[in-house]
Amino acid sequence: MLKVKDLNIYYDNIHAIKDVNLEVKKGEIVCLIGANGAGKTSTLQSISGLIPKKSGQVLFEDKDITNTKAHMITKMKIAQVPEGRRVFTELSVKDNLRLGAYTIKESFEDMKKDIERIYDKFPILQERSDQKAGTLSGGEQQMLAMGRALMIRPRLLLLDEPSMGLAPLFVEKIFDVIKDLKSEGVTILLVEQNANLALKISDRAYVLETGEIVKEGFAKDLANDPDVKKAYLGS
């Protein structure tokens, strides 16, 4: 479904992403793990059209989307849940969800059904539907950010650090939803600091170090790789 070929990204004179190649097959969860500053977020943002690429190619279902604008990529049913959640704090929970559907221009009835679908996944959001998003806890805001992305009914979901800063109960809920999404046919590229959890729910994985892919393979194999265990799994 997704192929990234020889991707290079620069920030001024800093070569942040160096000839990265990765792919995500339809129906998979693929995780990208690495230390802070390794280039994980930059890789996701380049796929979704948020930052420019120096060179390389991004293909979605064999269509070249390398230089496609971010809002057009969203219309292709590629959604990103950003690191740090970035909800609209002064708007209500329900209005945040409505904005998630903005680019697909669905009818009021379809939007209403999609919001109900999000509430089924995250019941707490229904309880908080009229509250300002800024009053929610970190875990609730993460649920809202995911719900907002799901409003376009994505075929490819880019998740950037969904467990960051969350209490264990919220982390468990978020990862249960990720597994449910896979069972519903959503393809997922996951960037996650909790490598243990990420590898447990993923089909395949890539390890990124200082902008370069240094290891790749089946998630279960990388979870048992001595170098990965020492660097990322605390053992």
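Me: What makes β2 and β5 the edges of the four-strand sheet?
Reply: The open sheet runs β2-β1-β4-β5 with antiparallel pairing. β2 (14–24) and β5 (63–64) each have a single partner strand, so one side of each has no neighbour in the sheet. This is a predicted model, where local features need pLDDT of at least 70, side-chain atom pairs count only at pLDDT 80 or more, and totals for chains, interfaces and linings use all residues. Residues are numbered from 1 along each chain as its sequence is written, and side-chain values use heavy atoms, leaving out hydrogens and water.

Me: How do you know that β1 pairs with β2?
Reply: Pairing takes at least two DSSP bridges between two strands. Seven bridges join β1 (residues 2–11) to β2, and the two run antiparallel. Lysine 3, for one, has glutamate 23 in β2 as its bridge partner.

Me: Why are β6 and β10 called edge strands?
Reply: The other open sheet has six strands, ordered β6-β7-β8-β3-β9-β10, with mixed pairing. β6 (78–81) and β10 (212–218) each pair on one side only. From one strand to the next, the twist averages 15 degrees.

Me: How do you know that β6 and β7 are joined?
Reply: Four bridges link β6 to β7 (residues 156–160), and the strands run parallel. Isoleucine 78 has leucine 156 in β7 as its bridge partner. Helix α6 (residues 138–150) lies across both strands, at about 170 degrees to β6. Helix α7 (residues 168–183) lies across β3, β7 and β8, at about 150 degrees to β8.

Me: What makes α6 and α7 roughly parallel?
Reply: Their packing angle is about 15 degrees, with the axes 10 Å apart. Roughly parallel is under 35 degrees, roughly antiparallel over 145, roughly perpendicular 65 to 115, and the rest oblique. So α6 and α7 are roughly parallel to each other. Their crossing is right-handed, meaning that the near helix is turned clockwise from the far one by less than a right angle.

Me: Which residues make the contact between α6 and α7?
Reply: Among them, Met143, Met146 and Leu150 in α6 meet residues including Phe170, Ile174 and Val177 in α7. By class, that contact has eight nonpolar, two polar and two charged residues (Ala, Val, Leu, Ile, Met, Phe, Trp, Tyr, Cys and Pro count as nonpolar, Asp, Glu, Lys and Arg as charged, the others, Gly among them, as polar).

Key
Axes are lines fitted to C-alpha atoms, for helices over the stretch in contact, and angles run from 0 to 180 degrees between N-to-C directions. Contact means heavy atoms within 4.5 Å.
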